[in-house]
Every structure is written in C-alpha cells, then in structure tokens.
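The points are numbered and can be read in order.

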Amino acid sequence: MGNATIIFLVCVDNRLQIPMYFFIGNLAFLEICFTSCTSIKLLVILSSGRRTISVSACFVQSYFYFALGCTELILLVVMSFDRYLAICQPLRYAAIMTQQLCILLVVAAWVAGFTFMSYHLVLLSKLTFCGSNKIQHFFCDNSPLFQLSCSDTNLLWRIDSVLILFAVLASLCLTLSSYVCILFCILRMPSRRKKALATCSSHLTSLAIAFGSCLDLYSHPSERVSLETNKLVALLNTVLYPFLNPFIYSLRNKLVVLVLKDAIAHTKAQLFPQSRCISGQ
C-alpha cells in the first residue's frame, strides 16, 4: 500500500517529478513486483488448499525473485550516486541528472539485472529431482531447491553463490563509496549537517537490511544452510524490507507528507463537495 501510494504521488504531483523521486517511484514499483513474485502464489496456495507448483513455474518464480533482487541492488547504486551528485555537486546536478539520463539509468538497471541473472535459469535446468519433492519453504529459493535435488549440486551451488556474492558485494561497494563521499561532504556543511546525517542514517539502515539479508542467505554452502533460518531471513527480505522502504525513503520526507496531505484533501473535496460548501458558509 505504501509503495503504491508513492508511485501515485510521484506520477500526479509536479513537485515530486524530480530525479530523486523518479528513482524512489521506480524502487517502489520494483518492490511491488519483488513481493508479488512470491506472495501471489503463496496466497493462491493458501486460498485454494492446493499446495503444488510445477517445476517450470518454480524455476520461473526463482528466476524473477533473483532478477528483481539484482535489479534492486543496481537501482540502489543509482540512487546513491544521485544523492552524491545532489549533495556534493549541487551546481552541476541539474545539468548532469537530466530526464533522459534518469530514464536511461533505470532501463539499464532493469536490463542488467534480468540479463545477469539469466545464468540462474541455466543452473536450475541442470538439477534433477526424484523421490519426495516437498519444498520446505514458502517459495522456490535456492537452498531448498538445491537440497531437494538428487543430483550433485556442489559445483552448481558454488557457481551460483560466487555470482550472487559478486552482484551483492559489487553493489554494496559502489553504494558505500557514494555514501562515504557524501559523509565527507556533509562534514564540511555545518548548516545542513544534522538534516543530511539523519537522511543518510535512515538510508544506511535500509541498505544494511537489504545487503545483510542477502549476504546471510547466499554466502553459505547449501548443506550448511538451516532452512528455518533461511525462511526467517527470506521473510525479512521479501516482506519487512519492502514494507519499510516507503517510510525510510519517502514518508519521512516533509515534501512527500505535504503532497500526501494535499492529495487527501483534494480527494475529500471531490468525494464530499457539499461538506465543503457547508463549511464555507
């Protein structure tokens, strides 16, 4: 609900049609897709009682989960670079972050995420399943699939772990480098230091949840992964983090709150015009 609200506000209000909110709107849309790729099938299973999923559908769900996750990591890098330019290069910001560049960066993030994670489908196609095919998870994550397979998965798991860790660590290093530069910049700005530090601290909290959960989930060999711990961390990654993002990035922002209040007031005026006339009298 919070992510949909952010997308609506960014689309309808001119005050939010600047690069920062353009990226936040795209992040909100990405979070909706990321949550939907696991929750929709889960809701169907819970409502119908049919706790089954085909192998191909399971592979597709796994691919979209990782492709959307990789896209989000790249988008976080883009957003950190945008904040670096806005805070450290304010005079050149408008000239650099044009509308064309913003669109190009977002498209590049989506294309890069889905292209890079195409290897994941290749690895999954190498798995063979026999015997009991009961997944001890609420979606088709790596660990339960590799543990369920009756083929030798050691090499496949190592390849998968290395590539996932590469995506996570590369994104983390690029994101942190932007925030380190921002930190040095705001230390030289006594007048805006408190506000900038508060903003950066909330963003870094969000990044710690996102990158920390990824590292915890996919940096261990498959045979050493506890599925109960895996499910708990995956729940944090797929439900709690997307839920918190609108509050961290937008709903604590005074401009967004003002736009939201104006939108609510405008909606009330459209739905209840008579009450407005009575109050005016």
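How many salt bridges does the structure hold?

1. The structure holds three salt bridges. A salt bridge here is a side-chain nitrogen of Lys or Arg within 4 Å of a carboxyl oxygen of Asp or Glu. Side chains of opposite charge can pair when their charged atoms come close.

2. Some ground rules apply to what follows. The model is predicted, so local features need pLDDT of at least 70 and side-chain atom pairs count only at pLDDT 80 or more, while totals for chains, interfaces and linings use all residues. Residues are numbered from 1 along each chain as its sequence is written, and side-chain values use heavy atoms, with hydrogens and water left out.

3. The protein chain has twelve helices and zero strands. Read from the N terminus on, its elements run α-α-α-α-α-α-α-α-α-α-α-α. Helices (H or I, at least four residues) and strands (E, at least two) are DSSP runs, numbered from the N terminus.

4. Of the 281 residues of the protein chain, 42% count as buried. Buried means under 20% relative accessible area, exposed means over 50%, and partly exposed lies in between (1.4 Å probe, protein chains only). The protein chain exposes about 15,300 Å², with 68% of that supplied by carbon and sulfur atoms. Accessible areas come from the Shrake-Rupley method with a 1.4 Å probe, and for residues only the protein chains shown count as cover.

5. Among contacts between residues at least 6 apart in sequence, 77% join residues at least 24 apart. A contact means heavy atoms within 4.5 Å. Thr-5, found in helix H1, and Pro-246 are 241 residues apart in sequence and 8.7 Å apart in space, C-alpha to C-alpha. Thr-5 is partly exposed, with a relative accessible area of 23%. The C-alpha atoms of Val-180 and Tyr-84, 96 residues apart along the chain, are separated by 9.3 Å.

6. Which residues does Arg-15 pair with? Asp-13 forms a salt bridge with Arg-15, the closest N and O atoms being 3.0 Å apart. Arg-15 also forms a salt bridge with Asp-262, where the closest N and O atoms are 2.9 Å apart. This second pair links distant parts of the chain: Arg-15 is in the loop between helix H1 (2-12) and H2, Asp-262 is in helix H11 (residues 254-271), and the two are 247 residues apart. Asp-13 counts as buried at 14% relative accessibility. Arg-15 counts as partly exposed at 35%, and Asp-262 counts as partly exposed at 34%. Salt bridges that share partners join Asp-13, Arg-15 and Asp-262 into one network.

7. The side chains of Arg-83 and Asp-82 also meet in a salt bridge (3.1 Å, N to O). Are these two residues buried or exposed? Arg-83 is buried, and so is Asp-82.

8. A nonpolar surface patch of about 350 Å² is made by Val-180, Leu-183, Phe-184 and Leu-187. Patches are made of residues with over 30% relative accessible area and no salt bridge; like charges are joined within 9 Å, and nonpolar side chains (Val, Leu, Ile, Met, Phe, Trp, Tyr) within 5 Å. Leu-183 lies in helix H8 (residues 154-186), and Val-180 is found in helix H8. Leu-183 is partly exposed, with a relative accessible area of 39%; Val-180 counts as partly exposed at 41%.

9. The structure holds two cavities of 30 Å³ or more. On a 1 Å grid over the protein atoms alone, a cavity is a set of points where a 1.4 Å probe fits but cannot get out, and a pocket is an open set with protein on both sides within 12 Å along at least five of seven lines; lining residues have an atom within 4 Å of a point. Grid points are joined across faces, edges and corners, and a volume is the space filled by probe spheres set on the points.

10. The largest cavity has a volume of about 210 Å³. Its lining has 17 residues, of which Gly-69, Cys-70, Leu-73, Cys-214 and Asn-237 lie nearest its centre. H3 gives the most to this lining, with seven residues.

11. The second largest pocket has a volume of about 600 Å³. It is lined by 22 residues, of which Ile-45, Arg-51, Ile-53, Ile-135 and His-137 lie nearest its centre.
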